[in-house]
Amino acid sequence: RRVQCLKLHNVTQEDCGTMTFRVGQQKCSAELIVNAPPPIFKHPLQNLEVDENGTATLQCELSRSGIPVEWRKGTVEILPSDKFEIRQEGPLHTLTIYDLKLEDSGIYTCDNGYRRTSGILTVKALPADFVKYLENEDVEEGETAVLCCELTKSNAPVQWMKGGVVLQSSSKYDIRQRGPIAELLIYNITPADGGNYTCDTGYKQATASVSVKEPQAYIVEPLKDVEVFVDEDATFKCRISRERAQGVVWKLGDVPLQQNEMNEIAVEDGTTHVLRLKKVTLEDAGTVTFSVGEHTS
């Protein structure tokens with residue numbers, strides 16, 4: 001009795017099939033099944049840092065070709081789309097991510113059903129620049145000043161400053177941001193609020209000045225006609241809306257009047273303007289006019 005033996009070395013899956021032994025008119029057969037070892041990652045995923053709005057390419061290589069894989073971000077499967085491109089070239093597997101946003105940062109995994117490899121993608125924020133810079137503002141006292149600029153990125157963090165002092169939202173300042181629009185509102189503005197204001201993105205700065213104008217005064221109580229005798233004093237009074245108003249003019253006819261020995265010009269209680277014509281003559285008869293800004297009585 002003899003035992004015949006066949007040894008195959010370094011078998012591969014291509015060696016699978018039916019093995020037959022024949023002697024004379026007799027034969028016997030057996031099936032050779034070659035089980036491939038689980039695929040491993042020869043080159044795993046690497047961590048990657050890419051700028052915002054750029055493109056990220058994650059790549060890994062398996063020990064053999066033809067193995068399907070699944071890509072995930074966290075626990076969510078990634079499918080091909082305009083955002084994600086999935087490619088397989090032999091044992092090389094590639095995930096490409098386009099138009100990167102900050103929220104694309106995270107852990108990405110390639111899973112072949114036996115093994116998995118993961119890498120961290122970090123999307124670096126680009127600094128915000130200015131599309132529209134701040135403009136100087138002239139605002140009347142008591143009103144609200146609005147400083148506005150437009151950035152290249154929506155909701156990019158900015159810091160508002162007056163001089164070198166950082167401003168915070170308060171009853172005085174309202175800091176707003178709507179998409180790429182950044183605004184600073186300054187309420188109930190006073191002369192002390194005048195100066196330079198800066199919007200700082202951390203990369204660039206925009207600066208504008210706020211000038212505070214006195215509000216225009218208007219006439220509250222107009223002049224009244226006055227009738228006097230020769231050599232008496234004629235007194236005219238006109239009350240306006242605010243103290244220390246600029247541009248006040250008294251006229252007799254078309255002639256502007258100045259303070260002198262014949263004309264006494266004064267202010268009572270801050271807002272009542274008084275003209276006293278001393279020892280009037282018949283030639284002084286005429287129209288007396290009081291003007292403040294664009295208002296006349």
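## Salt bridges and a buried threonine

Glutamate 264 has a relative accessible area of 26% and is partly exposed, where buried means under 20% relative accessible area, exposed over 50%, and partly exposed in between (1.4 Å probe, protein chains only). The model is predicted, so local features need pLDDT of at least 70 and side-chain atom pairs count only at pLDDT 80 or more, while totals for chains, interfaces and linings use all residues. Residues are numbered from 1 along each chain as its sequence is written, and side-chain values use heavy atoms, with hydrogens and water left out.

Glutamate 264 pairs with arginine 276 in a salt bridge, meaning a side-chain nitrogen of Lys or Arg within 4 Å of a carboxyl oxygen of Asp or Glu. The pair links distant parts of the chain, 12 residues apart: glutamate 264 is in strand E25 (residues 263-268) and arginine 276 in strand E26 (residues 272-277). Strands (E, at least two residues) and helices (H or I, at least four) are DSSP runs numbered from the N terminus. Arginine 276 is partly exposed as well, at 22% relative accessible area.

The structure holds 17 salt bridges. Three of them are listed here.

| Salt bridge | Closest N and O atoms |
|---|---|
| Arginine 276 and glutamate 264 | 3.1 Å |
| Aspartate 111 and arginine 72 | 3.4 Å |
| Aspartate 111 and arginine 116 | 3.6 Å |

Aspartate 111 forms a salt bridge with arginine 72. Aspartate 111 belongs to strand E10 (residues 106-111) and arginine 72 to strand E6 (residues 70-73), so this pair ties together parts that are 39 residues apart in sequence. Aspartate 111 is buried at 14% relative accessibility, and arginine 72 is buried with a relative accessible area of 14%. Arginine 116, the other partner of aspartate 111 in the table, counts as exposed at 57% relative accessibility. A network of salt bridges links Glu70, Arg72, Asp111 and Arg116.

Another site is threonine 201, in the loop between strand E19 (195-200) and strand E20 (205-213). Threonine 201 is buried, with a relative accessible area of 14%. The side chain of threonine 201 reaches two backbone atoms: the oxygen of alanine 128 at 3.1 Å and the nitrogen of tyrosine 203 at 3.1 Å. Leaving aside residues up to four places away in sequence, threonine 201 touches Ala128, Phe130, Leu151, Pro157 and Val158, where contact means heavy atoms within 4.5 Å.

Notes:
A polar contact is a pair of N or O atoms within 3.5 Å; within protein, one must be able to donate a hydrogen and the other to accept it, and residues adjacent in sequence count only if both atoms are side-chain atoms.
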